[in-house]
Amino acid sequence: MGKYPIVHLIVLIIGSIILLALKRKFKKIRYVELIIIFILMVVLIAIFTDTGIDLVKRFINFIQID
């Protein structure tokens, strides 16, 4: 998780609290939708870490045609 793993965990916790608050406010939101949103949030946070950025750079270098 790079240099600041605590910050990433705090962002995940705050995001989870916001999603649960939205579920309480809007009763028609299903838990499956919240799980999908949470998974997408985890992926976005993982991409913007040092290791995630390095992985994207390696993937771009791999698919480039010489």
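The model is predicted, so local features need pLDDT of at least 70 and side-chain atom pairs count only at pLDDT 80 or more, while totals for chains, interfaces and linings use all residues. Residues are numbered from 1 along each chain as its sequence is written, and side-chain values use heavy atoms, with hydrogens and water left out.

I begin with helix α2. Helices here are DSSP runs of H or I of at least four residues, numbered from the N terminus. Helix α2 comprises residues 31-47, and its end C-alpha atoms lie 24 Å apart, in agreement with the 24 Å that its 17 residues should span at 1.5 Å a residue (the expected span being 1.5 Å times one less than the number of residues).

Which residues of α2 are buried? They are Leu34, Met41 and Ile45, where buried means under 20% relative accessible area, exposed over 50%, and partly exposed in between, with a 1.4 Å probe and protein chains only. Seen down the axis of α2, these buried residues fall within an arc of 35 degrees, so they line one face of the helix; the arc is that of the directions from the helix axis to the C-beta atoms. They pack against α1 (5-25), contact meaning heavy atoms within 4.5 Å. On the other side of α2, Val32 and Leu40 are exposed.

I turn now to charged side chains. The whole structure holds 1 salt bridge, defined as a side-chain nitrogen of Lys or Arg within 4 Å of a carboxyl oxygen of Asp or Glu. Arg30 forms a salt bridge with Glu33, their closest N and O atoms being 3.5 Å apart. Arg30 is exposed at 52% relative accessibility, whereas Glu33 is partly exposed at 32%.

Terms used: Helices (H or I, at least four residues) and strands (E, at least two) are DSSP runs, numbered from the N terminus.
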